[in-house]
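Hi,

Here is the structure I promised to pass on. Have a look at it first, and then read my notes below.

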Amino acid sequence: MPTNRQIADALDRLADMMELDGANVYKIIAHRKAAHRIAESNFSIEELAREDRLTELPDIGEKIAAKVRAMVETGTLAELDDYERRYPPQLVELQQLQGVGPRTVRKVWEALGVSTLDEMEQAAADGSIAALPGMGGKTAANITRAIEHLRARGGRIPLGEVLPTAEEMVAALSGLPEAEQVTLAGSLRRMKETVKDIDIVATAGRPEKLSEAFCKLPAVEETVAAGPTRCSIRTYTGLQADLRVVPPKSYSNLLQHFTGSKEHNIALRELAISKGLKVSEYDVENSRTGKVHECADEAEVYGLLGLDYIPPELREDNGELEAAAAGKLPLLVEEKDMRGDLHVHSEWSDGRASIREMAEAARERGLEYIVISDHSQSLAVARGLTPERLAQQLEEVARVNTELGDFHVFTGMEVDIKADGKLDLPDEDLEQLDFVTVSIHSGFNQEREQIMERLTAAMEKPFVRCIGHPTGRLINRRDPYEIDIEGVIEAAARTGTALEINSHYWRLDLCDIHARAAREAGVTLAINSDAHGPEDVGVLQLGVATARRGWVEAGNVLNTLPLGELRRRLSLPKKAAG
Ligand code: DGT
Ligand code: CA
Ligand code: ZN
């Protein structure tokens, strides 16, 4: 009875083994895609296999379907077993090391018999990897760092991969007649960039009914623990979700407790004790009189302690309690403050839709403007624009603007800062654009000084308005390039260049901490979608959440400006505008 997760894992492991073995790359990709499809499916793959309907799914061809069917019948994947007789299965774990390819893993295993993370760590430390032909000290150092990284990141999942499922669960439960209030809690409510699990808090007239319904949601693969007022399930995608159902009178205290963070709660409780109060997940108690107070809402919990209401995104024990006591919490930016999107791709480069389609989708979402910022020529894989094609694009933008009337498309570009530090198009081509964003898409492995020279030289240019995804990190996937973020923030403040908070769920770049530092330095931020299709344009939820976690107010964000004001800003030199 393999679960979706087990089937997907087996296919993924098979792909890993194929990589180790040097198999055809398209074959490997096909297995990975199928594994991904299965892992993302919210219904039983086993049932589908038994009904012989697997090929109805995208990404699953006849050959892979046959393997899955065999696995459902026999419980194992014969091809994987064959590979695992030839290579130690633990080698797969070593392939998860960032920047360590399968060829290296295989070579180190063949030469030194290294097959586990611990052995790899040892071999990198004692010089035996560095001594292998074609490897050297730099390879060994990379391996050491990659191991540290793998150990540190544990099993946390990017927020954007979990939020849709979590929101669907809350919506489904809220729709039940038994439900009164249902809310996300924990790190999801605080919109932390990675999360461990889904926490849901609810009140219901008949709690056991809600718990039952929870265990039967379509996304649920198995029930981990079930009781009338608390239960845990695991979804087909391998996520754990916990539900707590309490009587209405305890709801606000429980929500406050389960929203966390743990650090925030501990600090809050200490503060309470100093005021002769005791905060628990049930109520607030006066230690002297023993009188208990159940709060009607979270604001009351904070109010009893002499604090302003603290939005969930700030509850990390990073100074929010002091600010709330002093009445100095920021008025955080909200999604409804956003008036435009300054980083949008079209089919002119690697986007999937026309300029007009992107503009219309943005207008549907209530925005007033977008900047078309397609890639520049050196990004050949993305069909980046040459000066000639950029000139043609400008004509199309002008045409779209006359057609659209009440919505504005600004001209722009996401210009590559090439590895040698030069911008990808001549200044005279870029000067004519309304809004130029520059980004780094190559030379990731350069030394810090070189990367910083590239970025600061670009920021000195009067027409460069913004740095796109400033650190280049991909959550759980790729480290930032070597960047001195303080230096970038300082240069941005000095030159009046905006820094982007990219809302793509793998990026969230700048991250919350950097966004806060930028805001404190007086840097203007831009919260952008980096959309490549109409479904993504103006979708700024995660970027706004990241900004909020960085204490950012609407006034710190360039694209909260209404169209007329942004036009005026862009007509001024950027320092005066900044
Ligand atoms: P996660 O799941 O690692 O992404 O982060 P959280 O914050 O969702 O943590 P989780 O799920 O372990 O617990 C949910 C909330 O429950 C947490 O934010 C605060 C509260 N909580 C959990 N353990 C403790 C604790 O030991 N002390 C206090 N005061 N609160 C706790
Ligand atoms: Ca949690
Ligand atoms: Zn980019």
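Predicted model: local features only at pLDDT ≥ 70, side-chain atom pairs only at ≥ 80, totals over all residues.

Residues are numbered from 1 along each chain as its sequence is written, chains are lettered from A and ligands numbered from 1 in the order in which they are written, and side-chain values use heavy atoms, with hydrogens and water left out.

Backbone first. Another cis bond links Gly260 to Ser261, at an omega of about -5°; Ser261 belongs to the loop between α13 and α14. Then there's His469, in the loop between β15 (464–467) and α21 (485–495): its phi is positive, near 20°, though the residue isn't a glycine.

Now the ligand. Ligand 1 has 16 residues around it, the closest being Arg156, Ser187, Arg190, Lys196 and Asp197 (near means a heavy atom within 4 Å). By class, that shell holds 2 nonpolar, 7 polar and 7 charged residues (Ala, Val, Leu, Ile, Met, Phe, Trp, Tyr, Cys and Pro count as nonpolar, Asp, Glu, Lys and Arg as charged, and the others, Gly among them, as polar).

Which domains supply the shell? Domain 2 (157–246) and domain 3 (250–325) both do, so ligand 1 lies between them; the bounds come from an automatic or database domain assignment.

As for polar contacts (N or O pairs within 3.5 Å), a side-chain atom of Ser187 is 2.5 Å from a ligand 1 oxygen. For Arg190 the distance to an oxygen of ligand 1 is 2.9 Å, and for Asp197 it is 3.1 Å. The elements giving two or more residues to the shell are α11 (186–189), α13 (251–259) and α14 (262–274).

Cheers

Notes
Polar contact = N/O pair within 3.5 Å; in protein donor to acceptor, adjacent residues only side chain to side chain. Helix = DSSP H or I, 4+ residues; strand = E, 2+ residues; numbered from the N terminus.
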